[in-house]
Structures are given as structure tokens and as C-alpha cells.
Amino acid sequence: MNKPLLAALTALVITGAGAAPAVAAQADTAASVGKSTTGTTGATVKTAAAPAIQAVNFAGTVSLSNCSGSLVRFPSSESDDPALVMSNGHCLETGFPAAGEVIVDQASTRTFGLLNAAATRVGTLRASKIAYATMTDTDVSIYQLTTTYAQIASSYGISPLTLNDTHPVAGTAITVVSGYWKQTYACNIDGFAYRLKEGEWTWKDSVRYTSACQTIGGTSGSPVVDNATGNVVAVNNTGNEDGETCTDNNPCEVDASGNVTVREGINYAQETYQIPACFGLDNKLDLSRSGCVLPKP
């Protein structure tokens with residue numbers, strides 16, 4: 001995972017890079033592990049597939065107190081469904097879930113700053129619960145909001161981003177959009193790590209970026225957007241910062257034979273195509289559904 005947000009802020013002050021975020025980190029200091037992608041207005045709530053887009057922008061992304069995230073829908077979601085926000089499991093206000101821990105239907109009143117295409121904050125969204133969160137096999141949190149997609153569209157003119165339900169492809173041009181930093185990172189999917197191990201956590205089939213995506217602390221939870229479709233294919237979460245092997249902030253790749261590879265300066269995301277199969281009618285979580293492979297409590 002990436003540096004804690006405070007360390008990232010210190011580095012930016014020292015180097016003169018970036019600018020102070022509009023929303024300061026608060027007491028829920030779950031360290032920033034990931035990267036960021038920008039949201040788009042390409043997807044409509046009632047259609048399963050998002051139309052092609054001209055460029056990735058910030059519409060539909062959100063800022064958390066310590067991380068980035070996005071307003072998301074599944075291909076089968078309807079306009080009157082409770083809206084969802086996706087970020088990382090390590091971005092929870094309650095701190096990092098332990099290895100093997102899965103959180104389901106936990107009450108939450110967390111707020112999110114909703115951004116438009118120009119990265120201007122246009123409104124505040126509020127959670128009713130953490131529908132699902134874990135750092136086992138993947139690193140994701142899904143919050144259910146108190147409002148529907150239709151209500152958000154009516155109030156702010158913002159549509160959700162659609163999670164793609166097929167496996168991402170190596171070589172795909174992507175953009176990581178950080179609602180926290182209001183910054184984007186453009187690169188390609190370099191390939192996939194069979195296992196990505198960092199400290200006590202292990203993630204399966206992780207997306208590896210090409211070196212152009214130099215994401216920083218605070219970009220954790222950003223959507224990784226396929227530039228050609230505008231759909232989300234992964235959620236940004238970590239990178240090897242110091243060349244260490246399998247330690248916190250220094251994930252290592254482990255292949256099927258157990259061989260370990262360290263790629264200093266390379267960053268990663270967790271695939272999201274498997275998530276839609278675990279949600280049914282009215283965006284309700286159902287981990288017993290056919291095809292659902294997310295870890296269970």
C-alpha cells in the first residue's frame with residue numbers, strides 16, 4: 001500500500017509537487033494505499049453499457065477524508081436503486097480490515113464530496129452503510145448511500161460510472177482519477193500479478209500499471225477507467241515505494257510457482273469485474289449468488 005496520507009503530504013511540501021487538497025485528512029487515518037482514476041459521464045443509469053467517450057474526466061468521482069473513490073453502478077442497476085460509492089478496504093473510517101476479515105452491512109454515516117467533470121465539488125453524498133468491505137483477495141469497500149441514482153442525477157446532473165463485468169485486458173489504455181487530489185494518471189495495463197503480497201495481506205490477479213502511472217498517497221480508492229469505454233475496470237490501491245520485498249508499502253508479486261518479483265516504483269490496482277455478480281435486485285448484496293467469488297464473512 002502507499003504511504004499514509006500524512007507522509008504523502010509531507011513529500012509534496014518538500015518537493016513542491018501538487019497542491020493541498022480541498023478536504024483535509026480527518027481522524028479516520030486509514031493509510032492511503034492506492035491510485036486514482038477519473039470518473040466520466042459516459043454511463044447512463046438504465047443502460048447496461050456505457051457509450052464511448054472522448055476523454056476521461058472527474059464526473060462521478062468522489063473525495064473521501066483520506067482517499068479517493070467513485071459513484072458506481074452495475075450493468076443491471078436501475079435509476080431508482082440506492083446509489084453506491086466504491087473505494088478501497090484500507091480507506092474505511094474504521095481502519096484497515098485484518099487479513100481474512102470481511103465486513104458486510106455495517107452502519108455508516110460517512111460523507112463523500114461529489115465532483116463534476118471539471119473536478120469542482122458540487123455536492124455531498126452520505127452513506128447509510130458499508131455494504132461490503134475487505135482487504136482479503138482484493139482491496140475494496142462498497143458504501144450504500146441514502147440517495148438513489150435518479151435523485152443524484154436530478155440534484156447534481158451527475159451519473160455513476162459503470163463497473164465492467166469482464167476481465168480487463170493487458171495493453172488497455174487507462175486513466176486513474178483521484179477525487180482527493182483532483183489529478184489524473186494516464187498509462188496502460190502492463191499485465192497481471194497472480195498474487196500480490198503486502199504485509200499481512202494477499203490480493204489475487206492484481207492489475208499492474210506501466211510506469212507512467214506514478215500514483216501517490218491519497219489516490220487510494222480511485223477508479224481505474226478504460227479510456228475507450230469509460231467503464232471502471234479496477235480500483236487503485238498500492239505500489240512498491242522503496243524496493244523492499246512484501247512489506248507494508250512495498251508489495252511483491254508471487255507467481256503460481258511461488259517465485260517472488262519486486263518492481264520498485266510500479267503501482268497496482270484490484271480488478272472489479274467480479275463485483276457485479278455479488279449484487280442483485282435493488283443493488284442488494286448477495287454473496288450466495290451464482291458466480292459471486294468475493295470472500296465471505
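Predicted model: local features only at pLDDT ≥ 70, side-chain atom pairs only at ≥ 80, totals over all residues.
## The chain as a whole

Residues are numbered from 1 along each chain as its sequence is written, and side-chain values use heavy atoms, with hydrogens and water left out.

The chain has 16 strands and 2 helices (DSSP runs numbered from the N terminus: E, at least two residues, for strands; H or I, at least four, for helices). Of its 297 residues, 56% are buried (under 20% relative accessible area; exposed is over 50%, and partly exposed is in between, with a 1.4 Å probe and protein chains only). Take the contacts between residues at least 6 apart in sequence: 69% of them join residues at least 24 apart (contact means heavy atoms within 4.5 Å).

## The second largest pocket

Let's turn to a pocket. Rolling a probe the size of a water molecule over the atoms shows where empty space is left. On a 1 Å grid over the protein atoms alone, a pocket is an open set of points where a 1.4 Å probe fits, with protein on both sides within 12 Å along at least five of seven lines; lining residues have an atom within 4 Å of a point. The second largest pocket holds about 200 Å³ of space (the space filled by probe spheres set on the points, which are joined across faces, edges and corners).

Its lining includes Asp137, Thr138, Lys204, Asp205, Gln270 and Glu271. Strands β11 (201-209) and β16 (267-271) are the elements that give two or more residues to this lining. By class, the lining has 4 charged, 4 nonpolar and 3 polar residues (Asp, Glu, Lys and Arg count as charged; Ala, Val, Leu, Ile, Met, Phe, Trp, Tyr, Cys and Pro as nonpolar; the others, Gly among them, as polar).

Lys204 sits in strand β11 and is partly exposed, at 40% relative accessibility. Beyond its neighbours within four places in sequence, Lys204 is in contact with Asp137, Ala193, Tyr194, Arg195 and Gln270.

Leu196 belongs to strand β10 (residues 183-198) and is buried, at 0% relative accessibility. Leaving aside neighbours within four places, the contacts of Leu196 include Trp201, Trp203, Pro251, Cys252 and Tyr268. Leu196 and Val260 are 64 residues apart in sequence, with their C-alpha atoms 9.5 Å apart.

Ser141, in strand β7 (residues 140-148), is buried too, with a relative accessible area of 0%. Its side chain reaches the backbone oxygen of Asn88 at 2.9 Å. Not counting residues up to four places away in sequence, Ser141 touches Asn88 itself, along with Val85, Met86, Ser87, Gly89, Leu92, Tyr132 and Ala133.

## Two positive phi angles

Most residues other than glycine have a negative phi. Asn249 is not a glycine, yet has a positive phi of about 70 degrees. Asn249 lies in the loop between β13 (232-239) and β14 (252-254) and is buried, with a relative accessible area of 18%.

Asp282, also not a glycine, has a positive phi of about 60 degrees. Asp282 is found in the segment after β16 and is partly exposed, at 44% relative accessibility.

Conventions: Polar contact = N/O pair within 3.5 Å; in protein donor to acceptor, adjacent residues only side chain to side chain.
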